[in-house]
Amino acid sequence: MCLGVPGRVERVWDADGISMGEVDFGGVRKEVCLAYVPDVGVGAYVIVHVGFAITTLDEASALETLALFRSIGTLEAEFADPLAAADSPPPTPPLEATP
Amino acid sequence: MKYLDEFGDVELAQRLLDDIRATVTRPWALMEVCGGQTHTIIRNGIDQLLPEGVEMIHGPGCPVCVTPLEMIDRALAIAEQPGVIFCSFGDMIRVPGSHDDLFAVKARGGDVRVVYSPLDAVKLARDNPDRQVVFFGVGFETTAPANAMTVKLAREQGIGNFSLLVSHVLVPPAIRAIMDSPTCRVQGFLAAGHVCTVMGMAQYGPLVQAYQVPIVVTGFEPLDVLEGIRRVLHQLEAGQARLDNAYPRAVAPQGNPVAQAVVAEVFTTCDRQWRGIGMIPQSGWRLSPAFADFDAEQRFEVAGIVTQESPVCRAGEVLQGLIKPHQCAAFGRACTPRSPLGAPMVSSEGACAAYHAFRRLDAPVAS
Ligand code: SF4
């Protein structure tokens, strides 16, 4: 839940006075609140936490982080169906080391 | 070196490790405050790559773990009420209350929904004007701007059937409490990067001064964590205590002033119980009096909460860094991610869950 995931702002609009945007997280697109990063426009990279952009990030860093997150499955975990994920926690590995 | 391939830049990881090995001359105990960093450390075996004698103590920075039991029980009682749609982040669904968890309430017919963003809960309230929609607003400073915005929006848009059950916790008072504890062994801190993205670094300078302890603002990726550890160790070996920023790509010294302003408008500082740890003065945020009408604690009368922790769970000692998860007798036996006895086994940021997921199954220590 505390994760911040970088993504690219693809679209920006105003929803009743609140700046909203569509952000691409390496293929997954989500609606994100941009109220806390007032100066960003299309093409900017932002770090998004629980649906809110909290800061901007340079492109190279963002792409590096996204590549890492993709390779270790973090993106799937972050954007999985949350209730299904809560319903099926990871399987229990065997306790080899138990005496 | 089986873990290094997940570091992205293997060569850089090796260079950082070599530098750490060349620097360290004696044992040191460092604390990573944030549960996300704990996850990275255990997942990548960073603690095992460090020189003998350098210990990583896992801090209390998992909001799921430290949300007070009384608040979980209150959430369960509210979620159970007819006409309520109770919304939460996914990690909170399995957190054990005294008798139950939100998942059990849902199974009994309660309308419990998991949302990706708290704004989804405001939308639900707008779409269901005949229902009461409650959002469980937990988290550290990183999450507070999002939760604060929901209340502001609900007020501006006249959404009267929305309320927030707030249990925010703050990092700097926790660091103070850790340093003040008579059992404290921590000699240097990795501060939580995204907390500082929001709040900036100003609150940490006084802590460095007061306790003469190095604090390095650190990110969450394996290389970030390694670099944070390297910088703390360099300070310790040189006998220094400074505030340093190893995560400048996402942390500006002043933080995010727009977010800070909204948080200051909506929330006010309060004493807060930390599950497993106890009361830490001025360590939380609750809704300010101006937004009290959106406070779920006031809107829903919940009487007679009698909290009861699992008698076997040693989460308090885990969260204070006094034991490692596998030293709990229930670890991996009575307590697993599928049937957690304590909150640190629930969230991926919890130390017990991280040890379990990455098979830190060292034999439980006989007591
Ligand atoms: S392993 Fe389970 S029972 Fe033991 S301290 Fe961790 S959460 Fe509590």
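At what angle do helix 8 (residues 144-156) of chain B and helix 13 (residues 257-266) of chain B pack, and how far apart are their axes? In this predicted model, local features need pLDDT of at least 70 and side-chain atom pairs count only at pLDDT 80 or more, while totals for chains, interfaces and linings use all residues. Residues are numbered from 1 along each chain as its sequence is written, chains are lettered from A and ligands numbered from 1 in the order in which they are written, and side-chain values use heavy atoms, with hydrogens and water left out.

The two helices pack at an angle of about 60 degrees, and their axes are 9 Å apart. Helices (H or I, at least four residues) and strands (E, at least two) are DSSP runs, numbered from the N terminus. Axes are lines fitted to C-alpha atoms, for helices over the stretch in contact, and angles run from 0 to 180 degrees between N-to-C directions. Helix 8 of chain B and helix 13 of chain B are therefore oblique to each other; angles under 35 degrees count as roughly parallel, over 145 as roughly antiparallel, 65 to 115 as roughly perpendicular and the rest as oblique. Helix 8 of chain B passes helix 13 of chain B in a left-handed crossing, a crossing being left-handed if the near helix is turned anticlockwise from the far one by less than a right angle, and right-handed if clockwise. Contact (heavy atoms within 4.5 Å) is made by B:Ala144, B:Pro145, B:Ala148, B:Met149, B:Val151 and B:Lys152 of helix 8 of chain B and by B:Ala259, B:Val262, B:Val263, B:Glu265 and B:Val266 of helix 13 of chain B. These residues comprise 9 nonpolar, no polar and 2 charged, where Ala, Val, Leu, Ile, Met, Phe, Trp, Tyr, Cys and Pro count as nonpolar, Asp, Glu, Lys and Arg as charged, and the others, Gly among them, as polar.

Within helix 13 of chain B, B:Ala259 counts as buried at 1% relative accessibility; buried means under 20% relative accessible area, exposed over 50%, and partly exposed in between (1.4 Å probe, protein chains only). Not counting residues up to four places away in sequence, B:Ala259 touches A:Tyr36, B:Pro145 and B:Val198. B:Ala259 and B:Arg231, 28 residues apart in sequence, lie 29 Å apart in space, C-alpha to C-alpha.

Helix 8 of chain B also packs with helix 7 (residues 118-127) of chain B, at an angle of about 20 degrees and with the axes 8 Å apart. Helix 7 of chain B and helix 8 of chain B are therefore roughly parallel to each other, and their crossing is right-handed. The contact involves B:Pro118, B:Leu119 and B:Val122 of helix 7 of chain B and B:Ala146, B:Asn147, B:Thr150 and B:Leu153 of helix 8 of chain B. By class, it has 5 nonpolar, 2 polar and no charged residues.

Leaving aside neighbours within four places in sequence, the contacts of B:Phe267 include B:Ala144, B:Ala148, B:Leu164 and B:Trp285.

Elsewhere in chain B, the axes of helix 1 (residues 10-23) and helix 12 (residues 222-237) come within 10 Å and cross at roughly 20 degrees. That makes helix 1 of chain B roughly parallel to helix 12 of chain B, and the crossing is left-handed. Residues meeting here include B:Leu16 and B:Ile20 in helix 1 of chain B and B:Leu226 and B:Leu233 in helix 12 of chain B. This contact has 9 nonpolar, 2 polar and 4 charged residues. In helix 9 (residues 171-180) of chain B, 7 of the 10 residues are buried, so it is largely enclosed by the rest of the structure.

Chain A contains 3 helices and 5 strands, which run β-β-β-β-β-α-α-α from the N terminus on. Of its 99 residues, 46% count as buried. A:Val50, in the loop between strand 4 (45-49) and strand 5 (52-57) of chain A, has a positive phi near 40 degrees and counts as buried at 5% relative accessibility. In strand 11 (residues 278-287) of chain B, B:Gln282 has a positive phi near 55 degrees and is partly exposed, with a relative accessible area of 43%.
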